[in-house]
Amino acid sequence: MNPGWYSLCEENYEHGSINEGVTMIRYLLAILISLSAFTTPAQAWWNKDWQYRKAVTVDTSPSGINVSGAIGRTVVLVKLTSGNFTFTEALQNGADIKFVDSDDKTPLAAHIEKFDAATGIAYVWVSLATLNGGEKKQIWLYFGNATAGASDDAKGTFDADYLAVYHFADNPGQPTADKTANGNNALNGPPGVDDAGIIGRAARFPGQGAIQIAPSPSLAMPAGAPFTFSAWVKPAALTGEAAVFARGPLVIGLSNGVPFVALGAAKTQVAAPVKQAEWTHLAVVADGKTLKIYVNGIEAGAATVALPALDGPISIGGAEGRPFSGDLDEVRLSKSARPAAMLLAMVSSEGPSGKLVTVSDSAEKQAGGGSGVIGFIVSKLEPLDQGVVTICLLLLAAAIGVMIWKTRYLNACERGNKVFLKRFTAMHDDLVPASEIAGISPQEVSFITKSPLGRLYETGIEELNVRRRKFGDRALSSEAVDALRAAVDGVAVEENQKFDKFMVLLTIAISGGPFIGLLGTVIGVMSTFGGVAMAGDVNVNAIAPGIAAALLATIAGLAAAIPSLFGYNYLNSRITKISDDIRVFTDRLITRLAEMQAEAAHTPPPLGIAAE
């Protein structure tokens, strides 16, 4: 037989097979590590239907607006220009613009105040569920979906504490619309509009004609209630007393350009006037004990006083005896005392400085137009589910390694047994050590003595030769036959142990994989519903990705168990067959050795040699 063929077959035995199995496991682990890199947030993609995305950074750290303390849920203005946004890649009306939270899973409520692709400018209001001082928060701006429908959510953008928000983006002559869910629309519009306001279109007041807002249950305020007023103010003149906001005894305005708050005859004001014909952010915050005035986000005056009950009509842009001349924009009324950090964030987000919000200059394009549903689901895996999926994939990798190694080892055993049995059958009753078989090569000797049956044969021959050297050709006693069988059975047990080696990894994958995956799914579902409950925002886009990703853990567990189950049954059937062959051969070998020794004991001596 070809020595090279024997050499090749020998590589399939224990040591070579183990090395190959270990190499295979290492290779699979390398693949898993590489795949895990693509499931990190940096590589995730919220929805494959959107072709582009940009990173948007909200920076309250020292490199940004440098504020401290909790800001909470807030609304920021994202300004898009032809310098930071490719308008040609988005729909003409901006309907495909979507904002997603930093987890790249949760859509953020947002609405567009202005989107002009021709001039390359857009203003989009985005609601952040939470914002803290001293942090850099990254969110994602997605665009580039030709099939996207209108999705403005102005009512969802502003939290429930907002009583009314006026952008003044309405067309001339139209009543000013409230963008909150309260629907506190004005009875009329401003006397004029300024298309070049600080944020798109602004309301213009020529010293006469104010916006009137009728009383409503949502606008009613009991005595001592918290309240916040904020607005961008651009006075055309700094003379006289002008009311920006008026409701009953409460008047907020400018006295010769100096911001003030009046409650009937009582009045408090700041020290310095604002600049004429320049935009200034003015805010007044009442917390039930103190009334504070903020100019451009900085506290500039305060008085110890509580607001009285207010339930009458509201006038914006002038009041009786206090006409206002100038522009107003972004007027907001809240039934809570907004924190100073939020006011400063408003100024920085909406004002000309723009330090709070920055839009990345470069856009990312979805690789290959999307990775499909599975790729999208994988990108939504939580860290805990990532760990569960990784464990299940490691079990699968180990199971595959065992199956490959065992298959190669069993193939080699069967080939070796087949070659050995041919030699064994040819010897009939003249059994000799493998190295003494007539016409056998050293390579074939090495090959067949490494097969399971070859090892049993060599053990039996060696045990017989030991007794021949000690007792000559005397027939074997029953005790000697039992000892011979015990030696061969010991080798048979060792061979069976080799067959069963590492098979326990398959049983672990079969029984443990589904339970580990199920645990990941349950925890993932619990985490998803818990997060939705904490956010207080129930919608399918917030729930579905998390549930789908959690179910992926169960799929991973089944993926580890199902191949392992088929592999275990296949390998076990082959192991059983070889074990049966070993058991039959053991009986056959012991019988032939005993018969051969008995025949040697009764054979007469050759002619010319006297018997002892």
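Tutor: Two strands pair if DSSP finds at least two bridges between them. Strands (E, at least two residues) and helices (H or I, at least four) are DSSP runs, numbered from the N terminus. The model is predicted: local features need pLDDT of at least 70 and side-chain atom pairs count only at pLDDT 80 or more, while totals for chains, interfaces and linings use all residues. Residues are numbered from 1 along each chain as its sequence is written, and side-chain values use heavy atoms, with hydrogens and water left out.

Student: How many helices and strands does the secondary structure of the chain come to?

Tutor: The chain has 612 residues. Its secondary structure comes to eleven helices and 24 strands.

Student: What percentage of the residues in the chain is buried?

Tutor: A residue is buried under 20% relative accessible area, exposed over 50% and partly exposed in between (1.4 Å probe, protein chains only). Of the 612 residues, the buried share is 45%.

Student: What share of the contacts with a separation of 6 or more comes from residues 24 or more positions apart?

Tutor: A contact means heavy atoms within 4.5 Å. Among the contacts in the chain with a separation of 6 or more, residues 24 or more positions apart account for 75%.

Student: Why is strand S1 described as largely enclosed by the rest of the structure?

Tutor: Strand S1 covers residues 52-59. It is largely enclosed because the number of its eight residues that are buried is seven.

Student: In which sense do S1 and strand S23 pair?

Tutor: Strand S23 covers residues 357-359, and three bridges link it to S1. Within this pair, Val56 lies opposite Val359 of S23. The sense of the pairing is antiparallel.

Student: How many bridges join S1 to strand S6?

Tutor: Strand S6 (residues 136-143) runs antiparallel to S1, and Asp59 faces Lys136 in S6. The number of bridges between S1 and S6 is eight.

Student: Which residue in S24 does Arg53 stand opposite?

Tutor: Strand S24 (residues 364-365) is joined to S1 by two bridges, and the two strands run antiparallel. The residue in S24 across from Arg53 is Glu364.

Student: Which strands stand at the edges of the open sheet?

Tutor: The six strands of this open sheet, paired antiparallel, follow the order S10-S19-S12-S13-S14-S15. Each edge strand has a single partner strand, so one of its sides is left without a neighbour in the sheet. The edges are S10 (211-213) and S15 (266-269).

Student: Which residue in S19 stands opposite Phe245?

Tutor: Strand S12 (residues 241-247) and strand S19 (residues 314-316) run antiparallel and are joined by two bridges. In S19, the residue facing Phe245 is Ile316.

Student: Is Ser435 buried or exposed?

Tutor: Ser435 belongs to the loop between helix H6 (383-427) and helix H7 (442-448). Because its relative accessibility is 55%, Ser435 counts as exposed.

Student: What distance separates the C-alpha atoms of Ser435 and Val445?

Tutor: Apart from neighbours within four places in sequence, Ser435 is in contact with Ile440 and Val445. Ser435 and Val445 are ten residues apart along the chain, and their C-alpha atoms are separated by 5.9 Å.
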